[in-house]
Amino acid sequence: MFKKIILAFKFSSACRSALEKAIQLSIFNNAELLIFHALDYRLNGKDQLDKELISLNQQMDHRFETEIKPLIDDFPNFKFACSPSDPALEICRIARQIQADLILLGCHDEPEKPKIARLDYVGVTILEKSPCPVMLVPP
């Protein structure tokens with residue numbers, strides 16, 4: 001059913017739960033999984049050879065390699081990408097570009113907030129603008 005899945009990823013516990021679900025769905029459907037992390041959007045206009053941007057990309061790649069990749073080493077059909085961008089708009093743009101079948105979002109689980117506030121601005125924007133179904137994954 002799903003052939004291309006995107007996970008909107010932050011390095012948070014909510015996203016780690018969503019990562020587990022994304023891997024399960026990808027394995028079950030034999031789907032490609034794109035794990036996308038948005039960098040600071042203020043760097044969006046920087047040249048790809050800008051030292052600050054290169055350093056930030058290297059930091060995120062290293063963080064992914066050390067914190068997340070060991071959790072998914074058994075699953076070979078994934079890609080990690082990051083770029084400076086508005087997270088919601090970039091996720092939707094990528095979904096259109098690759099003709100994604102599903103976007104996964106991790107829900108917040110903050111006891112001090114009412115349960116209705118499980119999505120932030122990014123999550124709500126993805127829900128509104130997504131070209132494909134969106135799955136919310138609780139922690």
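Predicted model: local features only at pLDDT ≥ 70, side-chain atom pairs only at ≥ 80, totals over all residues.
Contact here means heavy atoms within 4.5 Å.

Helix α2 spans residues 51-72, 22 residues in number. From its first C-alpha to its last it reaches 30 Å, close to the 32 Å expected at 1.5 Å a residue.

Helix α3 (residues 87-98) packs with α4: their axes come within 8 Å and cross at roughly 30°. The crossing of α3 past α4 is right-handed. On the α3 side, the residues that meet α4 are Pro87, Ala88, Leu89, Ile91, Cys92 and Arg96. Their counterparts in α4 are Val122, Thr125, Ile126 and Lys129.

Thr125 lies in helix α4, which covers residues 121-129. Buried means under 20% relative accessible area, and Thr125 counts as buried because its relative accessibility is 6%. Two sets of neighbours can be named for this residue. Within α4, the side chain of Thr125 reaches the backbone oxygen of Tyr121 at 2.8 Å. Leaving aside neighbours within four places in sequence, Thr125 is in contact with Ala88 and Leu89. Both Ala88 and Leu89 belong to α3 and are among the residues that meet α4.

Notes: Residues numbered from 1 in each chain as written. Heavy atoms only, no water. Helix = DSSP H or I, 4+ residues; strand = E, 2+ residues; numbered from the N terminus. Expected span 1.5 Å × (residues − 1). Buried < 20%, exposed > 50% of the residue type's maximum accessible area, 1.4 Å probe, protein only. Polar contact = N/O pair within 3.5 Å; in protein donor to acceptor, adjacent residues only side chain to side chain. Axes fitted to C-alpha atoms, helices over the stretch in contact; angles between N-to-C directions. Left-handed = near helix turned anticlockwise from the far one by under 90°.
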